[in-house]
Amino acid sequence: MTTDITKENPEAAAVPPSGAAPAENAKKVPQGHRRLLTRRDRITLGFMAGLPTILHIALVWVTALASIALAFTTWDGIGFDSIKWVGLQNFKELFEQNPQFWPAVQHNVIWFVVLIVIPTPLGLFLAVQLDKKIRFSRVYQTAFFLPVVLSMAVIGFVWQLIYNPDTGLINSIIGANEPGKYIDWIGDPDLNLWAILVAASWRHTGYMMILYLAGLKGVDPSLREASSLDGANEWQTFKNVIFPTLRPTNTVVLVVTIIEALRAFDLVFVFNKGAEGTELLSILVTNNIIGESSRIGYGSAIAVVLLLISLVVIIPYLVATFRKERRA
Amino acid sequence: MQHFTPSGLSLPSPNRRTLLRGIGGAAVLGAGIPLLSACGGSGTASDPKTVTLGSKASDPVPKKAFADIYAAYKKKSGITVDVNTKDSNTFQEQINSYLQGTPDDVFTWFAGYRMQFFAAKGLATPIDDVWKTIGDNFPEAMHKLSKGEDGKYYFVPLYTYPWAIFYRKSVFQEKGYEVPTKWDDFVALCKQMKKDGLVPIAFGDKDAWPALGTFDQINFRANGYDFHVDLMAGKASWTDAKVRKAFDLWAEILPYHQEGAVGRTWQDAAQTLASKKAGMYLLGTFVAQQFTNKADLDDLDFFAFPEIDPAYGQDTVEAPTDGFMMSKSPKNKAEAVKLLQYLGTPDAEDIYLKSDPSVVHASTKADTSSYTALQKKAYDMISGAKSLTQFMDRDSRPDFTSTVMQPALQKFIRDPKGVDSLLSSIERQKKTIFASS
């Protein structure tokens, strides 16, 4: 890099000496835009706009479209000539034969519903309480927000210490690690998804709390004053005055939660690698694509399903947003 | 004029410079992408005194043991082995793109189907000339393991270790148990252990692969080595009555396995054997790593999985074998051949085992005088075997074992009654996977 800079310096110095130039320039400004941009400017601009565009197209669009195209092929990743078109075969196989696919779709949906129903109201509740400027507010705020700072993988490790069926906290306390009374939090498909969702909610609550707290700080204090003058109690004030003003925050919360539900991966992967009961679409994609003899076509088909689900959610949101902007 | 254009479109020069620096950075990044995907193939192409070697031995003990071999080779031949070590999981995940990019001349890999898969794809060089000199060092079973589907050699084995049933000598002595050699004795022993308040068979399948080992043992004891090979290669059907029989036998002993296996790692299961809460444990010899107390380790012993069908006896041993292969177009082929010839000698194996005593020699000519009792037994078991199998995911397509078999066996462990629909589901998925390439 240093050589680049030194190379650049003489060039920069070689810019025509100032003096006559600005005056000349100033004279010509009214005559049109063209002269405003020198050749160098245009090259620079070309780089500024062109390079990100190329990178964006190459890394986002080409890969996304390639992955859609690959969904209709089989490919083991070895040489391009081994790509074979199979039409809808991958999808047929996915829908009809893969015993993990439908559970995975179902679990992604459950993930979203649980995050909306439990941690979101809880986060709102905590935010409202903290917004009252109670004592030690900062301490509570930090405590609840702390899990959000941790990576999901770390959260997975921490909660495994709690759920480990032999040596974990819960089973040790309630004595459920003995034969006969055994509770297998990680292996039992009726339990493990809920066990993981508790861990996910633990983190999500803090996230929601911070979002709502930011929203509440933006509520005009005079609204509260007015409603208390009107004789509204605390609940009425919240329900009829404060909550409606949180509408933009709610939109953000909804979007964030949808994203969290669709990208759910790391926590489960650390917890039990998506074993029975905790299958997720993202984990199926990974298991099929990464590895020694990968099923890239099949994995891409699962990714396309994930993409379609995302679009079903995102398109209505974008349509609504654009409509609002047009009205504004 | 660069500095003060009225439109503000042109940037002040310091910013422009940082911008250009950014572009330079992006260019470097762009150039870095193919490098990354090629897994950093070494650039010492023309140096005749160097052979490059890609290694997955990233753990400290094997890493040092391998380094000792290469150091000894340099002393002997004057050739430098330029080692490119990567985290073993990453190495395995990227092997595909690694071998297609600019791989090192020689790389560490596994014997069996996984080796044959890349050989059949043309991503490895046949090394029949190497085997001309090292052939005598290895038993017949190792010869069989080192050949590709085309009958040519592609692999040089270095070390191996068997799977067996581990137990504590003191527990067996105290309770008067005898090592079972027949299936019925084994089941009777399980019953007795349960009565005595022990967990008969320790079991942890959280990582999803240990159950593959249990299936392997039951399957080749009941149906023989050839059926195992056919089944793993996708030729035999999973709905065959023979497979069903293996699962029935498994279901018979499943109640004697440790409860909640899918939530437990093999390390935790090994602890129940170490603490004498469990009577037996089916695993590879690496289970000894969990016996950190010297007295406990000395108390550890193992026996071969009991006979099920007298026609096959106990003649098959599951013994995953690690070694080396040559990439498709090595830059320094002449020296790579010589290196592989050295790696196939008993000397190289001796050096390795000096630093890593958890495994045994693949060669029958190596020095076994420093072996521990466990190693001696493991060595005898392997050299006395008629056929050696690899672990299921090394004997079959890894994509099949990881995406189909691992979840299927976890399902079976919890719900052995659903075996029929499970087997037909395995068979359907197998057909599409094996048909794909």
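Guide: The conversation below takes up chain B, its strands and cores, and then some aromatic rings. Please keep in mind that this is a predicted model.

Visitor: Fine. How many helices and strands are there in chain B?

Guide: Chain B contains 19 helices and 12 strands.

Visitor: And what share of its residues count as buried?

Guide: Of the 437 residues in chain B, 58% count as buried. The chain exposes about 17200 Å², and carbon and sulfur atoms supply 53% of that area.

Visitor: What about contacts between residues at least 6 apart in sequence?

Guide: Among such contacts in chain B, 76% join residues at least 24 apart.

Visitor: Which strands pair with E7(B)?

Guide: Strand E5 of chain B, residues 163–168, pairs with E7(B) in the antiparallel sense over 5 bridges. Strand E6 of chain B, residues 199–202, pairs with E7(B) in the parallel sense over 3 bridges.

Visitor: Which residues stand opposite each other there?

Guide: B:Tyr167 stands opposite B:Met280 of E7(B), and B:Ala202 stands opposite B:Tyr281 of E7(B).

Visitor: What is B:Met280 in contact with, leaving aside its neighbours within four places in sequence?

Guide: Its contacts beyond those neighbours include B:Ile165, B:Phe166, B:Pro200, B:Ile201, B:Ala202 and B:Phe303. B:Met280 also belongs to the largest nonpolar core, which has 142 residues. Those with the most contacts inside that core are B:Ile69, B:Phe215, B:Trp238, B:Phe247, B:Trp250 and B:Met280.

Visitor: Which helix gives the largest share of this core?

Guide: Helix H18 of chain B, residues 398–414, gives the largest share, with 7 residues. There is also a second, separate core of 23 residues, which includes A:Trp111, A:Ile162, A:Tyr163 and A:Leu280.

Visitor: On to rings. How many aromatic pairs are there over all chains?

Guide: A search of the whole structure finds 48 aromatic pairs. One of them joins A:Tyr163 and A:Phe271 in an edge-to-face arrangement, with 5.9 Å centre to centre and 90° between the planes.

Visitor: Where do these two residues lie in the chain?

Guide: A:Tyr163 is in helix H8 of chain A, residues 152–163, while A:Phe271 is in helix H14 of chain A, residues 266–272. The two are 108 residues apart, so the pair links distant parts of the chain.

Visitor: Are they buried or exposed?

Guide: A:Tyr163 counts as buried at 4% relative accessibility, and A:Phe271 counts as buried at 2%.

Visitor: Which residues form an aromatic cluster in chain B?

Guide: One aromatic cluster is formed by B:Phe91, B:Tyr98, B:Phe107, B:Trp109, B:Phe110, B:Phe117 and B:Phe118.

Visitor: Which rings have a charged end over them?

Guide: The charged end of A:Arg295 sits over the ring of A:Tyr298, 4.0 Å from the ring centre. In chain B, the charged end of B:Arg397 sits over the ring of B:Phe434, 5.9 Å from the ring centre.

Visitor: Last topic: where does B:Lys147 lie?

Guide: B:Lys147 lies in the loop between helix H6 (140–145) and strand E4 (156–160) of chain B. With a relative accessible area of 28%, B:Lys147 is partly exposed. Leaving aside neighbours within four places in sequence, B:Lys147 is in contact with B:Met115, B:Gln116, B:Lys152 and B:Tyr153.

Technical notes:
Residues numbered from 1 in each chain as written. Chains lettered and ligands numbered in written order. Predicted model: local features only at pLDDT ≥ 70, side-chain atom pairs only at ≥ 80, totals over all residues. Heavy atoms only, no water. Pairing = 2+ DSSP bridges. Helix = DSSP H or I, 4+ residues; strand = E, 2+ residues; numbered from the N terminus. Core = buried A, V, L, I, M, F, W, Y, C linked by side-chain atoms within 4.5 Å. Buried < 20%, exposed > 50% of the residue type's maximum accessible area, 1.4 Å probe, protein only. Contact = heavy atoms within 4.5 Å. Phe/Tyr/Trp six-rings, centres within 6.5 Å; stacked < 30°, edge-to-face > 60°. Lys NZ or Arg CZ within 6 Å of the ring centre and 35° of its normal. Areas by Shrake-Rupley, 256 points an atom, 1.4 Å probe, with all protein chains shown as cover.
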